Amino acid sequence: MSYAEREAIFSKEYLTIKDFEVLFGLSYQMASRKMREIKFKFDRLKLEGKLHIEDYFEYYNITDKQRYVKGEQKDV
């Protein structure tokens, strides 16, 4: 997965099962299972097939989100 692909996934407010397939290299069924594991503990959206990005960060204890956020380009 390229940085651009990762950036595109994490630039949204929520992740989908398709995003999980790409992020983890899983089949649809396994990606869905992984999402349900997270939603069991954290579920801000309460929408089927969607997981709020902050729930993902909390589940994996990701506190430094800089590498997931689109960086600003500075003109020199």
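## The segment after H4

Asn-61 lies in the segment that follows H4. This is a predicted model, and in it Asn-61 adopts a positive phi of about 50 degrees although it is not a glycine. Most residues other than glycine have a negative phi. Asn-61 counts as exposed because its relative accessibility is 66%, above the limit of 50%.

## Further positive phi angles

Lys-46 also has a positive phi, of about 55 degrees, and it is not a glycine. The residue belongs to the loop between H3 and E2. Its relative accessibility of 64% means that Lys-46 is classed as exposed.

## Overall architecture

The chain contains four helices and two strands. Their order along the sequence is α-β-α-α-β-α. The chain has 76 residues, of which 28% count as buried.

The accessible surface of the chain amounts to about 5,700 Å², and carbon and sulfur atoms contribute 49% of that surface. Among the contacts in the chain with a separation of 6 or more, 35% join residues 24 or more positions apart.

Which residues of H2 are buried? They are Ile-17, Asp-19, Phe-20, Glu-21 and Leu-23. The cover over the buried residues of H2 includes the helices H1 (3–10), H3 and H4 (53–59), together with the strands E1 (14–16) and E2 (50–52).

## Asp-19, a buried acidic residue

Asp-19 is placed in helix H2, which spans residues 17–24. Asp-19 counts as buried because its relative accessibility is 8%, and the limit for this class is under 20%. A polar atom of the Asp-19 side chain lies 2.9 Å from the backbone nitrogen of Thr-16.

Neighbours within four places in sequence being set aside, Asp-19 is in contact with Ile-9, Lys-12 and Tyr-14.

## Packing of H2 against H3

Two packed helices are described by the angle between their axes and the distance between the axes. For H2 and H3 (residues 28–41), the angle is about 105 degrees and the axes are 8 Å apart. The two helices H2 and H3 are therefore roughly perpendicular to each other, since this class covers angles of 65 to 115 degrees.

On the H2 side, the contact is made by Ile-17, Phe-20, Glu-21 and Phe-24. The H3 side supplies Tyr-28, Ala-31, Ser-32, Lys-34, Met-35 and Ile-38. Sorted by class, the residues in the contact of H2 with H3 are seven nonpolar, one polar and two charged. Of the H2 residues in this contact, Ile-17, Phe-20 and Glu-21 are buried.

## Arg-6 in helix H1

Arg-6 is located in helix H1. Is Arg-6 buried, partly exposed or exposed? With a relative accessible area of 25%, Arg-6 is partly exposed, because the value falls between the limits of 20% and 50%.

When residues up to four places away in sequence are not counted, Arg-6 touches Met-1, Leu-23 and Tyr-68. Arg-6 and Leu-23 are separated by 17 residues in sequence, and their C-alpha atoms are 7.7 Å apart in space. Leu-23 is one of the buried residues of H2.

Note on methods
Residues numbered from 1 in each chain as written. Predicted model: local features only at pLDDT ≥ 70, side-chain atom pairs only at ≥ 80, totals over all residues. Heavy atoms only, no water. Buried < 20%, exposed > 50% of the residue type's maximum accessible area, 1.4 Å probe, protein only. Contact = heavy atoms within 4.5 Å. Areas by Shrake-Rupley, 256 points an atom, 1.4 Å probe, with all protein chains shown as cover. Polar contact = N/O pair within 3.5 Å; in protein donor to acceptor, adjacent residues only side chain to side chain. Axes fitted to C-alpha atoms, helices over the stretch in contact; angles between N-to-C directions. Parallel < 35°, antiparallel > 145°, perpendicular 65-115°, else oblique. Nonpolar A, V, L, I, M, F, W, Y, C, P; charged D, E, K, R; others polar.
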